[in-house]
Amino acid sequence: YNRRRKMSADSEESSMLQSIALLVVQVAIVVGGIVPFIPQYLVVRRTRSAEGFSTFVCLVLLVANILRILFWFGKRFELPLLLQSIIMIASQLFLLHACVSARRADPLQRAVRFREFDSKTFWRWTEFADYLQFLLMFVLLASGLTFVLLDVSLYVETVGLFSLLVEALLGAPQWLENWRKHSVAGMSVMMVVCWLSGDISKTLYFFLRSAPSQFALCGMLQIGVDLAILFQVFTYPKVSDPDP
């Protein structure tokens, strides 16, 4: 009898430790995604310049997480992953606001507005309200389409795959920005290191928690993009090349 009681107590203790560990991991999944952007946000605020950071990273994450939320309505996945998307959207809006404010402070920067509908200045507007206007239009269009096609399995799966593919390529704009300048000046290396560690952790979480296959596949793609940017850190100088 005493042995059974001891085994039961050990089992309860083990179960409690597992529950605590799972809770810690879930909290890390929810808030860990925004941590890599804190160094970049501080760089922008300190230097009062967004030079070297591609705001298209913000666009990628905003679109990806809006679509992921819509995917949740068609195919429910774990709540921490949904909360992660909500918090990520908020964090990217904060970072985008800081970048736009820095851009407006540049006396050489001419005013560029969304209503001009110029593809060459897309997502390079100088008013934060223009970004909100574009995002509102995107949310209304995507939400309406999802509402109509919510019962179509192929559409729902496509939205999920596309949202995660977009997020998987979040580092691509930054890689292109570095490649164009042949420099990593203005980019927070710590941000990319945090991207890599976070992407490795969440990809393992996707496998262990049997998340929809789209999550794990795109997580591995993200790791590859992170490594490509880190390769640039070691091959490109940390100062911009002088203009010819």
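What share of the contacts in the chain with a separation of 6 or more comes from residues 24 or more positions apart? I found 76%, taking a contact as heavy atoms within 4.5 Å.

Basis. I worked from a predicted model, in which local features need pLDDT of at least 70, side-chain atom pairs count only at pLDDT 80 or more, and totals for chains, interfaces and linings use all residues. Residues are numbered from 1 along each chain as its sequence is written, and side-chain values use heavy atoms, with hydrogens and water left out.

Confidence. I looked up pLDDT, the predictor's confidence in each residue from 0 to 100. The chain has a mean of 82, and 89% of its residues reach 70 or more. Helix H1 (residues 2-32) is lowest, at a mean of 65, and helix H5 (residues 128-148) is highest, at 95. Over residues 240-244 pLDDT stays under 50.

Secondary structure. I recorded nine helices and zero strands, both being DSSP runs numbered from the N terminus (helices H or I, at least four residues; strands E, at least two). Of the 244 residues, 44% are buried, that is, under 20% relative accessible area with a 1.4 Å probe, protein chains only.

Helix pair. I then examined H2 (residues 37-47) and H4 (residues 79-104), whose axes come within 9 Å and cross at roughly 20 degrees. The axes are lines fitted to C-alpha atoms over the stretch in contact, with angles from 0 to 180 degrees between N-to-C directions. H2 is therefore roughly parallel to H4, a term for angles under 35 degrees. Residues making the contact include Phe-37 and Tyr-41 of H2 and Phe-94 and Leu-95 of H4.

Note on methods. Parallel < 35°, antiparallel > 145°, perpendicular 65-115°, else oblique. Buried < 20%, exposed > 50% of the residue type's maximum accessible area, 1.4 Å probe, protein only.
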